[in-house]
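Subject: Structure handover

Hello,

Here is the structure I promised to pass on. Please open it first, then read the notes below.

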Amino acid sequence: QVQLVESGGGLVQAGGSLRLSCAASGSIVSINAMAWHRRTPGKQRERVAAITSGGSTNYGDSVKGRFTISRDNAKNTVYLQMNGLKPEDTAVYYCNADVLIPSLYGSRSSNYWGQGTQVTVSS
């Protein structure tokens, strides 16, 4: 019943910036943690940034100081502002959310993934 829709990916030159967006929709009571992960062929998935419902953030070492995660709870949306992009940032970026959905007994937690959006950084 929950869908995550991502946007904002594209092609950018090294040193440039992009902002990714991920909007959650469906039968949602509330959203707990939201995160961005990335995947490059031949490499394991990497968590690049996460944010709790209270606004606490955590970043992967490779993106600290360059990426900023934020959220708009009224819109059920999470953002990833990516500055100072490097060729090694090239990957498919996925949105992830831990969502409380309605149930017979109030609510239950469930995890959802977006479809992914391609980010390509040229040198």
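Start with Arg38: at 7% relative accessibility, Arg38 counts as buried (buried is under 20% relative accessible area, exposed over 50%, partly exposed in between, with a 1.4 Å probe and protein chains only). Before going further, note that this is a predicted model, in which local features need pLDDT of at least 70, side-chain atom pairs count only at pLDDT 80 or more, and totals for chains, interfaces and linings use all residues. Residues are numbered from 1 along each chain as its sequence is written, and side-chain values use heavy atoms, with hydrogens and water left out.

Salt bridges

The structure holds 4 salt bridges (a side-chain nitrogen of Lys or Arg within 4 Å of a carboxyl oxygen of Asp or Glu). Arg38 pairs with Glu46, with closest N and O atoms 2.9 Å apart. Glu46 is partly exposed, at 27%. Asp89 also bridges to Arg38, again with 2.9 Å between the closest N and O atoms. That pair links distant parts of the chain: Asp89 sits in the loop between S8 and S9, Arg38 in strand S4, 51 residues apart. (Strands are DSSP E runs of at least two residues, numbered from the N terminus.) Asp89 is buried, at 0% relative accessibility. Through shared partners, Arg38, Glu46, Arg66 and Asp89 join into one network. Elsewhere, Lys64 bridges to Asp61 at 3.1 Å. Both Lys64 and Asp61 are exposed.

Disulfide

There is 1 disulfide (a pair of cysteine sulfur atoms within 2.5 Å). Cys22 is joined to Cys95, S to S 2.1 Å. Cys22 belongs to strand S3 and Cys95 to strand S9, 73 residues apart. The torsion about the S-S bond is about -85°, so the disulfide is left-handed. Cys22 is buried at 0% relative accessibility, and Cys95 is buried at 0% too.

Core

The largest nonpolar core has 31 residues (buried Ala, Val, Leu, Ile, Met, Phe, Trp, Tyr and Cys joined through side-chain atoms within 4.5 Å). Trp36, Ile69, Val78, Leu80, Met82, Tyr93 and Val99 touch the most other members. S9 gives the most to this core, with 6 residues. Beyond four places in sequence, Val78 has contacts (heavy atoms within 4.5 Å) that include Trp36, Ile69, Cys22 and Cys95.

Val12

Val12 is in strand S2, residues 10-13. Val12 is buried, at 12%. Beyond four places in sequence, Val12 contacts Ser17, Leu18, Leu85, Thr120, Val121 and Ser122.

Best wishes

Conventions. Helices (H or I, at least four residues) and strands (E, at least two) are DSSP runs, numbered from the N terminus.
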